[in-house]
Amino acid sequence: MAAKLLAVVLLVSALACKPPSASEQMDSIISWIGTAGMVGEAWLRHTTPDKYTAHTLELAHNSLIDINSGLFKSLPAGIDSAALDSALTRSSAHIGLMQTLVEQKASPDFRTMLDSLYSDEKVVKQFADSVEAKDK
Amino acid sequence: MKKILQLTLGIITSVGGFLEIGSVTTSVQAGAQFGYKLLWPIFFGTICLIFLIEMSGRLAAVSRHTIVDAMRERFGFPFFFVVLVGIAIVAFMVLVAELGGIGFALQILTGIGFPWWALPVSFIVWLLMWKGSFSLIENGASLLGLITISFVVAAIKLHPDWSGVASGLLPTMPQSDKARYGFLTVSILGATISPYLMYFYSSGAIEEKWDRSYIVMNRIIAGFGMFFGGFLAMAVLIAAALVFQPKGIQVDTFPQAALVMVTALPKWGFYLFALSMLFACFGAALEFSLAIAYFFAQGFGWNWSEDLEPSKDSRFAFVYTVIILLAAIPLMLGVDPVKVTMISMALTSATLPLAIVPFLFLMNDPIYLGKYRNGWLSNSIVSIVIVISFVLALISIPLQLIGG
């Protein structure tokens, strides 16, 4: 009985310690890019305060950088990691710039940056689909 | 006429006081990740809660005992002490989460980080406890909490697919992310079937001097109040499913959750969310502080009543003073209230057997309830809750590790 219990505890601990898969990390990336897009649209409609918007964009920017740093260790073979890296770097740079533009209250430039982020999002989503297919 | 007013107020306060950081966080996360698929734990948990709350009020009205009084008297102090330790630790964590929820709401409104709000918010909660009466705390906070009805408006304005909503009321298993699905199920049940609500409700019945003439009123308040409250939690999940899931947004942080009403109510959605969280968490922080103080005072046989001067129930006042002060510390240190919420909701599930098993015995004890003892339906529901609570107690910690 004790041995079985120990085995369960070890199994749970092993599962708990397992790092997130590439597919899960791609989901997080899409989630943060989506968040940045959503908060950006709301800010352009003047329905969210500047400080909240800037803080959320900062959160998205930092989260993307964090995820990117661990993603490439777990990418399945056959994914063009250079192209993905470039798309992710672009996305986080755009979100970082959006944060600055909120602080400067520069709405027209913000719109342009947001549209660029949507283009990045499409590319990242294609990569996410490929990673998910390969992970399965 | 007085009873009709009390009844109306009882239902309104039950609705206004239903949502808090636990129910909102779990519902938003569930809707964002699994669409309508996790509506069933809210629905099922609400039905269980209706029965448990009705029983808590009936016990107080008939026996003039709170659950804690009766538990200590019936099972003795050593048993009560075990329950006290389990429940008090988790209730404390929930109080931290509620105070954090207020801080987060103020953070998104003002831009000042939530750790800075920990002390002022805790002080205001403590001051209201010290100076306020039971009816002020129960009715005042819950009436302000009626702003949470805006979640229902948002959900309806998003035009949900009602057949999908209906199918979400039946349990299904997702194709992937099963551990996460299980963890969120446990957390939703922990947020919905809250034993603290039972303790608070039975103590409130004693504070308001309920007697047997309140039995029908108690049944109506528990039934309608909790049903409409559960409906609010479902509205949060539906809105999150329609707003976040299509964009692939997984809600891990409070600032993300704040966008849940922005699509449906573009002009006011953000502020309605912030104010909903502010008032809902404020009401819940007051109720949890009171519930913990009631638990200690009733368990140790001290004087207790929120309507007494603190000098007349000094140990009761001392408990909530210390608890509120201690709860502010992790927040000042920057501990994330959303993480505390998710852990405490799963742990609430884990401690459910401690609260529910002795309750079943009490509700069948002729010494306390005479002819008002539980019938077969109430006993069946509590038995189901007990079986589920044991399963939840076993799986909540592993699911916390894997899926949380």
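Arg64(B) is partly exposed, because 16 other C-beta atoms lie within 10 Å; on this scale a residue is buried if 20 or more other C-beta atoms lie within 10 Å of its own, exposed if 12 or fewer, and partly exposed in between, with C-beta atoms placed from the backbone. The model is predicted, so local features need pLDDT of at least 70 and side-chain atom pairs count only at pLDDT 80 or more, whereas totals for chains, interfaces and linings use all residues. Residues are numbered from 1 along each chain as its sequence is written, while chains are lettered from A and ligands numbered from 1 in the order in which they are written.

Arg64(B) occupies the loop between α3 (39-63) and α4 of chain B, where helices (H or I, at least four residues) and strands (E, at least two) are DSSP runs numbered from the N terminus. Although Arg64(B) is not a glycine, its phi is positive, at about 60°. A positive phi of about 60° is also found for His46(A), likewise not a glycine. His46(A) is placed in the loop between α2 and α3 of chain A and counts as exposed because it has 11 C-beta neighbours inside 10 Å.

Chain B contains 18 helices and 0 strands. Its radius of gyration is 20 Å, which agrees with the value near 22 Å that a compact globule of 404 residues would have; the radius is taken over C-alpha atoms, and the globule rule is 2.2 Å times the number of residues to the power 0.38. Along the principal axes, the C-alpha atoms of chain B fill a box of roughly 55 × 45 × 45 Å. Of the 404 residues in chain B, 59% are buried. Among the contacts in chain B with a separation of 6 or more, 85% are between residues 24 or more positions apart, two residues being in contact if their C-beta atoms, placed from the backbone, lie within 7 Å.

The packing of two helices is described by the angle between their axes and the distance between the axes. For helix α4 (residues 67-75) of chain B and helix α14 (residues 269-300) of chain B, the axes come within 8 Å and cross at roughly 35°. Axes are lines fitted to C-alpha atoms, for helices over the stretch in contact, and angles run from 0 to 180 degrees between N-to-C directions. The crossing of α4(B) and α14(B) is right-handed; a crossing has this hand if the near helix is turned clockwise from the far one by less than a right angle, and is left-handed if anticlockwise. From α4(B), Val68(B), Asp69(B) and Arg72(B) meet Tyr294(B), Phe295(B), Gln298(B) and Gly299(B) of α14(B). The residues of this contact comprise 3 nonpolar, 2 polar and 2 charged, with Ala, Val, Leu, Ile, Met, Phe, Trp, Tyr, Cys and Pro counted as nonpolar, Asp, Glu, Lys and Arg as charged, and the others, Gly among them, as polar.

Elsewhere in chain B, Thr351(B) is part of helix α16 (residues 337-363) and counts as buried because it has 23 C-beta neighbours inside 10 Å. Not counting residues up to four places away in sequence, Thr351(B) touches Gly86(B), Ile87(B) and Val90(B). The C-alpha atoms of Thr351(B) and Trp40(B), 311 residues apart along the chain, are 21 Å apart. Val82(B), in helix α5 (residues 77-110) of chain B, is exposed, with 11 other C-beta atoms within 10 Å. A separation of 8.3 Å is found between the C-alpha atoms of Val82(B) and Leu354(B), which are 272 residues apart along the chain.

Chain A has 5 helices and 0 strands, and 37% of its 136 residues are buried. Residues 24 or more positions apart make up 79% of the contacts in chain A with a separation of 6 or more. Helix α5 (residues 107-135) of chain A, with 29 residues, reaches 40 Å from its first C-alpha to its last, close to the expected 42 Å; the expected span is 1.5 Å times one less than the number of residues. The buried residues of α5(A), including Phe110(A), Met113(A), Leu117(A) and Val124(A), pack against α2 and α4 (81-103) of chain A.

The contact between the chains takes 21 residues from chain A and 18 residues from chain B. On the side of chain A that touches chain B, α1 (2-17), α2 (22-44) and α3 (50-71) of chain A each supply at least two residues. The largest share of that side, 9 residues, comes from α2(A). The residues of that side divide into 10 nonpolar, 8 polar and 3 charged.
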